[in-house]
Amino acid sequence: MHEVDMTKCLLLSMNQWQQQHAPAIPSVQRVHLQVGAFTCVEPDQLVFTWGVAVQGSWLAGAELVIETVPLLGRCLQCNGTYTPSPEAAYRSPCCDHPMEEIVSGRELRIRSVDYSLPEPPPSRPDLSLTAAAAA
Amino acid sequence: MHMPLEDTLGLNLLAANQHQAQHNREHFDAWQLLCLNVMSSPGAGKTSLLERSLAALAPEFAMAVLEGDMTTLLDAERLEAVGVPVVPITTGRACHLDAAMVRGGLRILGQRLDPASLDLLWVENVGNLVCPAEFEIGEHRKVALLSVTEGDDKPLKYPVMFREADCVVITKVDLLPYLPVQVERIEAHIHQVNPRCAVFQVSASTGAGLEAWHGWLRQQRSAVSSAAAALAVESLEAAAPEPVLVP
Ligand SMILES: [Zn+2]
């Protein structure tokens with residue numbers, strides 16, 4: 001359910017990004033997200049709500065591509081990295097240490113946007129500028 | 001023909017919420033109050049705990065409650081009876097509070113009192129152990145409540161919440177003799193995902209453990225107010241004109 005609110009937040013960020021290109025409206029092909037495995041986001045749910053939310057908007061047809069970032073912990077006992085799992089109560093298999101440092105898995109990041117900008121109208125010589133240069 | 005462009009944003013997905021949360025936080029710091037985001041599943045005993053803690057702390061602290069849990073709206077009267085103003089937050093059908101909703105609650109609160117007169121602001125989040133963990137509201141501390149009736153594997157089933165919490169209050173410990181639950185296991189599981197988390201075992205009905213929990217709150221309150229005071233001094237110094245060197 002909260003994916004709906006996540007999508008709203010994502011759309012707000014995308015609208016702000018679009019403002020940078022105003023007055024042109026970029027045509028977006030893909031939005032790339034990085035979503036950590038240790039977050040409350042279900043990637044499939046997010047893709048679904050995105051698809052519904054962008055209908056009829058300037059982002060219609062844009063695909064949401066989600067890269068899942070695995071949960072990786074660092075054992076502070078031996079400094080080795082490991083994959084914490086709920087089955088092992090998130091402890092490190094090497095030293096039986098609790099999950100202290102999280103190296104990756106908490107990401108909720110808009111990584112990049114693939115887009116194109118409409119062709120600018122054919123430029124006409126700027127007369128005022130030419131006149132200024134001639135003077 | 002035009003080339004596809006790629007913008008590398010590296011922007012947090014929840015940037016819009018974080019921006020508003022930061023704004024709330026600036027207000028809290030300017031008002032020099034401690035804001036707590038209180039989260040739990042429904043029925044973890046939030047209202048009962050709050051009732052006890054508000055009554056116990058009212059002589060030392062000026063407090064208010066922003067109430068985001070619609071199911072406990074009826075309990076607002078119980079809290080107001082202690083003399084602490086309670087302002088409901090309109091959440092629609094949201095399963096968590098976000099920073100903009102809290103801002104709306106602050107506006108209503110501001111019509112009733114001057115927030116700068118407060119020492120402690122309690123924000124009671126929607127009863128849910130999942131997404132409230134991801135939506136910052138500008139709080140100084142996240143407090144998660146966990147009732148012993150919920151079993152001892154909750155911290156492993158909802159690890160993000162228990163990882164993000166600064167403090168976990170284990171409630172209803174008076175029921176332990178009647179439950180097949182070991183409170184040591186609950187505590188151990190919390191520390192598996194969050195080794196430095198403060199954990200308190202309390203009972204709102206017997207009052208057990210409340211003093212230790214209130215002691216933690218006092219510590220956080222003074223940590224936040226001295227940080228705010230240091231910030232204020234810093235900005236004063238920054239604003240002060242360069243000292244004139246007298247030869
Ligand atoms: Zn190790």
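**Before you start**

This is a predicted model, in which local features need pLDDT of at least 70, side-chain atom pairs count only at pLDDT 80 or more, and totals for chains, interfaces and linings use all residues. Residues are numbered from 1 along each chain as its sequence is written, chains are lettered from A and ligands numbered from 1 in the order in which they are written, and side-chain values use heavy atoms, with hydrogens and water left out.

**Stop 1: helix 1 of chain B**

Select residues 15–31 of chain B. This is helix 1, with 17 residues. Helices here are DSSP runs of H or I with at least four residues, strands are runs of E with at least two, and both are numbered from the N terminus. From first C-alpha to last, helix 1 of chain B reaches 24 Å, close to the 24 Å expected at 1.5 Å a residue. The expected span is 1.5 Å times one less than the number of residues.

Now show side chains. Buried residues of this helix include Ala15(B), Gln20(B), Asn24(B), Phe28(B) and Trp31(B). Buried means under 20% relative accessible area, exposed over 50%, and partly exposed in between, with a 1.4 Å probe and protein chains only.

What do the buried residues of helix 1 of chain B pack against? Within chain B, the partners are strand 1 (5–12), strand 2 (34–39), helix 4 (99–112) and strand 5 (120–124). Helix 1 (2–19) of chain A is a partner too. Step just past the end of the helix to Gln32(B), which takes a positive phi of about 55°.

**Stop 2: strand 3 of chain B**

Select residues 63–67 of chain B. Strand 3 is mostly covered, with 5 of its 5 residues buried. Met63(B), Val65(B) and Glu67(B) point one way, while Ala64(B) and Leu66(B) point the other.

Two strands pair if DSSP finds at least two bridges between them. Look for Glu67(B) opposite Glu124(B).

Strand 3 of chain B pairs with strand 4 in the parallel sense over 3 bridges. Here Val65(B) has Val86(B) as its bridge partner.

**Stop 3: where the chains meet**

Show both chains. The contact takes 37 residues from chain A and 34 residues from chain B; contact means heavy atoms within 4.5 Å. About 3,300 Å² is buried between the chains, 61% of it on carbon and sulfur atoms. Buried area is the accessible area (1.4 Å probe) that two parts lose on being put together, summed over both.

How many salt bridges are counted between chain A and chain B? The count is 3. A salt bridge is a side-chain nitrogen of Lys or Arg within 4 Å of a carboxyl oxygen of Asp or Glu. Zoom in on Glu100(A) and Arg196(B), whose side chains form one at 2.9 Å, N to O.

Strand 6 of chain A gives the most, with 9 residues.

**Stop 4: loops of chain A**

Select Ala22(A) and Pro23(A). A cis peptide bond joins them, with omega about 5°. Pro23(A) sits in the loop between helix 1 and strand 1 of chain A.

Go to Asn79(A), in the loop between strand 3 (72–74) and strand 4 (81–82) of chain A. Its phi is near 70°, a positive value in a residue other than glycine. Asn79(A) counts as exposed, at 54% relative accessibility.

Finish at Ala89(A), in the loop between strand 4 and strand 5 of chain A. Ala89(A) has a positive phi of about 55° although it is not a glycine. Is Ala89(A) buried or exposed? Ala89(A) is buried, with a relative accessible area of 6%.
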